[in-house]
Amino acid sequence: MSTNRVVDPATQTVSPEKVYPGAVDPHHPAAALPKGFEAQADEIITHYPVSKRSASLPLLHLWQETFGYISPEGIEWISHKLGLQPINILELVTFYPMFRQHPAGKIQIRVCRTLSCALGGGYELCEHFREKCQVGEPDTHGLAISPDGKYSVEFVECLAACGTAPVIMINDDFYEDVTHQRANELLLKYK
Amino acid sequence: MKNPFDHDSPPADAPLLNVQVDGVWMQFPKGLNAVEVARRAQKFIPHYCYHPKLSISGNCRMCLVELGTPKLDADRKPVLAADGKPEISWMPRPQIGCAALMAEGMAVRTISPVIDECRKGVMEFLLINHPLDCPICDQAGECKLQEYSVQYGNDHSRFTDDKVKKPKRVDIGERIVLDDERCIMCSRCIRFSKEMVHDDVLGFIDRGSHTTLAVHPGKRLDNNYSLNTVDICPVGALTSKDFRFQMRVWFLKETKSICTGCATGCNTLIGSREQLVYRQTPRENEEVNSQWMCDQGRLGFHYIHHADRLVEPMAKIGQGKLPTPWSELIPSLATQLRGLSPDKIAIVASGRLTNEEAFLLSQIRRTLGGDDVLCDIVPRRGEADGILRSADLNPNTRGVELFGLSNGGKTLGQIRHGVDTGHIEALLVFHENLAGEAGWPVSSIQNVKLLAVQSILPCPTSELADFVLPGASFAEKRGSMINGTGRLQRLNKAISVPGNAMDDFQILLQLKAALGGGNGIHTIEEVFKAMAEVTPAFAGLSLSKIGDLGLELKFNTPLIRTASPSPHATI
């Protein structure tokens with residue numbers, strides 16, 4: 001009984017058909033991890049003395065903060081670090097919408113679409129950004145990236161400033177009362 | 001074998017608890033959940049995700065039941081009803097039975113209007129996205145979704161939207177195909193792979209309304225126990241490539257038997273129709289294989305329907321071999337054997353023989369000259385995997401040892417030397433290929449002046465034989481074998497022997513009669529009876545007394561015999 005493994009492309013859950021612009025080397029070996037990354041991961045694991053598995057989510061956050069998205073290598077590395085199998089980590093990555101399996105833009109624009117912002121013009125604002133940044137159609141996760149990989153635009157849920165709708169985030173910065181005029185100014189700022 | 005979980009069998013010394021099931025107070029050992037308590041009370045709680053040998057996940061919600069605890073008064077003492085039994089305080093909402101461990105005084109309602117509604121509701125949810133492809137689904141006929149739909153579900157669907165689309169015909173392993181649309185996300189396969197085989201490659205990705213069972217990209221569900229996931233899949237999501245689209249399961253005749261792939265002797269069901277075996281599935285026996293079997297053993301039956309199967313008894317006439325009726329072949333073989341002194345004859349028996357065949361062969365050996373006739377088996381060593389597979393790949397090594405036919409392969413060299421020097425002139429070979437696992441060169445086999453081979457498939461040894469005696473496969477005969485732990489188990493006949501081939505015990509019986517006269521034994525039951533009369537280990541047993549689950553044998557003599565032949569062999 002042979003156990004030769006021929007990987008059928010049909011079984012690949014991460015479809016390789018789309019080339020994501022702006023992707024850094026997706027095959028970063030563990031040796032190429034930034035300095036202090038592993039120490040940081042080890043420190044996070046010490047917070048969960050009962051079960052290392054509980055460190056799965058914090059490590060995924062750490063990985064995404066460091067690399068921008070969670071590559072198959074990231075899944076391998078984290079599962080190995082926690083004594084788990086890769087599928088255990090993949091289950092988490094595919095469940096939480098905040099984890100990306102592909103790189104987003106250098107400048108990430110997140111537009112709120114929860115009730116107040118939806119009423120306050122969030123959808124129109126998002127459309128405006130999409131046109132201005134010339135991003136294409138959003139992928140299955142709602143993320144639209146410009147062909148040069150510079151911008152990505154996506155909807156997010158409530159950013160907790162409902163009185164000043166519509167609100168957005170650009171990278172880690174928060175902006176309220178964003179009119180189309182203001183949006184154009186912000187885009188210049190982040191050029 | 002040891003299961004990681006055994007929800008259905010608490011320890012033998014577990015204290016008894018009083019539990020009320022559908023209004024009747026009964027006693028059960030501590031450690032059972034509501035599903036198992038109901039099962040022991042002859043009630044049935046339908047379930048999908050719960051499996052007694054796997055961890056509890058509680059996600060299918062099909063086993064919802066009403067649960068109650070004893071009503072307590074102000075002093076925390078149970079309030080007794082008029083009949084002296086505790087009064088029950090019922091929980092306001094249904095609970096899942098699989099995760100409800102029973103405690104003293106608890107009560108379960110498996111039938112009630114609330115539970116009926118619950119089951120209807122769960123069935124409706126499960127069927128929302130399930131394809132209605134039962135007519136082309138392999139699971140049809142043994143599908144829990146089908147069965148419970150009829151028994152507990154609704155007669156029509158209220159769902160008008162489009163069903164969720166998911167991957168179809170996903171090749172997740174060498175022997176398994178996955179249809180994700182049929183999957184009801186019970187997670188049995190995931191838990192089996194993780195807990196039983198420690199091959200954690202399956203999981204749910206994209207959890208939510210598109211939850212998809214998948215193998216990790218680049219990995220495969222290829223372990224040697226993968227086909228058990230097909231057995232425990234309650235629906236047709238996981239199907240066996242080997243059995244897929246071959247036969248509707250309701251046409252299969254299921255014969256209780258054992259696997260002859262190694263010395264473990266996993267209990268099996270042979271699924272056959274019209275003289276063809278279509279599949280082998282494990283049959284529960286907690287003493288041997290629990291509910292599992294390895295893929296190697298399960299699929300290792302196709303050789304019995306090989307196109308080149310030996311179906312005609314043949315004898316060498318001149319330079320060629322011609323079909324010869326049994327009635328001529330056996331007397332002719334016997335005549336030639338009788339003319340030889342014992343030391344000129346040798347026997348290569350097999351660890352694949354049943355006890356009955358080994359017994360008859362030991363009698364033939366005695367007729368031919370007893371211990372002077374050298375005899376041994378061809379040992380087959382594999383690697384034990386710590387789960388079910390045994391390192392001994394012969395299914396009945398202990399049985400042939402019991403009749404003194406085996407010296408663990410140590411006499412084989414002596415036999416070959418005898419053949420090479422021309423001292424041994426006649427060789428009887430049973431279900432072994434000397435040029436194969438025994439490793440004899442063809443030149444040695446050619447040296448034999450009188451070679452009789454009992455076999456199923458043609459091989460270099462049968463090609464060179466003067467007498468070819470086509471025998472029966474494991475699925476074509478009754479008989480008993482002793483597994484590696486000393487358990488006596490029974491093979492049953494699922495299909496007929498093809499063509500003019502003959503059941504092995506009948507060949508041996510006829511040869512024995514031709515050599516030394518008949519003794520009124522005709523059936524396999526009579527052979528067993530005669531064997532039991534002279535074999536202390538089988539004292540008081542008959543073939544039917546072995547039962548479907550086999551018996552632990554009590555041996556008066558050490559079982560593993562190496563040098564001296566068995567005293568039983570010389571009756």
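Modeller: Start with one residue and its contacts. Two residues are in contact if their C-beta atoms, placed from the backbone, lie within 7 Å. Leaving out residues up to four places away in sequence, Ala34(B) touches Ile45(B), Val65(B), Leu67(B), Gly97(B), Ala100(B), Met102(B) and Val108(B). This is a predicted model, in which local features need pLDDT of at least 70 and side-chain atom pairs count only at pLDDT 80 or more, while totals for chains, interfaces and linings use all residues. Residues are numbered from 1 along each chain as its sequence is written, with chains lettered from A and ligands numbered from 1 in the order in which they are written.

Colleague: Which residues touch the most other members of the largest nonpolar core?

Modeller: A nonpolar core is a set of buried Ala, Val, Leu, Ile, Met, Phe, Trp, Tyr and Cys residues joined through C-beta atoms within 7 Å. A residue is buried if 20 or more other C-beta atoms lie within 10 Å of its own, exposed if 12 or fewer, and partly exposed in between. The largest core has 160 residues, and Ala34(B), Ala349(B), Leu361(B) and Leu427(B) touch the most other members. Another core, of 22 residues, lies apart from it and includes Phe129(A) and Val153(A).

Colleague: How many of the residues in each chain are buried, as a percentage?

Modeller: For chain A, 29% of its 191 residues count as buried. For chain B, with 571 residues, buried residues make up 49%.

Colleague: What are the domains of chain B?

Modeller: Domain bounds come from an automatic or database domain assignment. In chain B they give domain 1 (16-111), domain 2 (128-305) and domain 3 (314-570). The C-alpha centres of domain 2 and domain 3 of chain B are 37 Å apart. Their contact takes 27 residues from domain 2 of chain B and 28 residues from domain 3 of chain B.

Colleague: Which element gives the most to the domain 2 side?

Modeller: Helices (H or I, at least four residues) and strands (E, at least two) are DSSP runs, numbered from the N terminus. On the side of domain 2 of chain B that touches domain 3 of chain B, β12(B) gives the most, with four residues. β12 (253-258) and β13 (267-273) of chain B are the elements giving two or more residues there.

Colleague: And what does chain A contain?

Modeller: Chain A has seven helices and five strands. Chain A is divided into domain 1 (34-102) and domain 2 (107-189), and 28 Å separate their C-alpha centres.
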